[in-house]
Amino acid sequence: CQRITTRGRSHMFNGDEKIRYSKQILLPNIGLEGQRALKSGRVLLVGLGGMGSVIAQYLAASGVGFIRMVDMDLVAPSNLNRQILYQTGDVSRAKTESALEKLVAINPHIAVEAIQSEVRETTLRELAAGCHLLVDATDDARSYRAVNRFAWSRSIPVVFGITRGFEGASVYFSADKTPCMECVLPPTLAK
C-alpha cells in the first residue's frame, strides 16, 4: 500500500478561490455556504478508471477540500482513449500517483491523498476515515458490496458510478433516505 498526500490549504477563501468559484457561488443552490461546505468536504474515491478519472477532476475543480483516491492499477496504453485524466507519459505509472499530480494542477487549493491499494471490507475503515462521502467508480462487484456495506453500517452516503460499453450511470444511496445498493441491484451483481 503506497500513500502520497498533499498538504491541505486554509479553510478561508483567498482571492484566487473567490474568483475560481465565483460562478458556483452565484448559483442559488450553492452560494457561499454551499461552497464552504464543498471546501470542508472530505471524499473517498475508489477507482480511477473511466468513470473515476472524470469524477476526480470534477471533485477537484469544484473545490472539494479533501479527496482521498484509492486504486491498485497502473496506467496502461489501452486506458488512454477513455480515461482522460492520463496521458502517454503516464503509461506504467500508478494511476493514483498520476491522478494526484493532475488534481493538484487543476486546483492547488485542495488536499489530495493517493493510496495505491485494493479496497476490501477489511481495509475500508482506514481508507474511509474522516470522509463524509464515499464514491465507488470501480468495475468490481466485491468493491461495490464492500463499500455499500461499510457505508450503510456507518450511515455515510455513497455514490456508485458505473460504465459498461458506451453507457454510464451513477446512483446515490444514503442510509436515512434510500434502500441500500444490494437491495436494488440484480442478484447476480449483488452476490
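Here is a short chat about how to read this predicted model.

Biologist: Before we start, what are the ground rules for the model?

Modeller: It's a predicted model, so to speak of local features we need pLDDT of at least 70, side-chain atom pairs count only at pLDDT 80 or more, and totals for chains, interfaces and linings use all residues. Residues are numbered from 1 along each chain as its sequence is written, and side-chain values use heavy atoms, with hydrogens and water left out.

Biologist: How many helices and strands are in the chain?

Modeller: Helices (H or I, at least four residues) and strands (E, at least two) are DSSP runs, numbered from the N terminus. Here you get nine helices and seven strands.

Biologist: What does the radius of gyration say about the chain?

Modeller: We take it over C-alpha atoms, and the globule rule is 2.2 Å times the number of residues to the power 0.38. For 191 residues a compact globule would come out near 16 Å, and the chain has 16 Å, which agrees.

Biologist: And what share of the residues is buried?

Modeller: Buried means under 20% relative accessible area, exposed over 50%, and partly exposed in between (1.4 Å probe, protein chains only). Buried residues are 46% of the 191.

Biologist: Which residues have the most contacts inside the largest nonpolar core?

Modeller: In soluble globular proteins, nonpolar side chains tend to be buried together. A nonpolar core is a set of buried Ala, Val, Leu, Ile, Met, Phe, Trp, Tyr and Cys residues joined through side-chain atoms within 4.5 Å. The largest one has 22 residues, and Leu45, Leu48, Ile55, Ile67, Met69 and Leu103 have the most contacts inside it. Its largest share, five residues, comes from α4. Apart from that core lies another, of 20 residues, including Val46, Leu134, Ala146 and Phe150.

Biologist: What does Ile67 touch?

Modeller: Contact means heavy atoms within 4.5 Å. Leaving out residues up to four places away in sequence, Ile67 touches a list including Val43, Ala56, Leu103 and Val112.

Biologist: Where is Ala146 found?

Modeller: Ala146 sits in helix α7, residues 141–154. With a relative accessible area of 2%, Ala146 is buried. Beyond four places in sequence, Ala146 touches Arg120, Glu121 and Leu124.

Biologist: Is Asn79 buried or exposed?

Modeller: Asn79 counts as buried, because its relative accessibility is 7%. Its place is in the loop between β3 and α5, and, not counting residues up to four places away, Asn79 touches Leu74 and Lys95.
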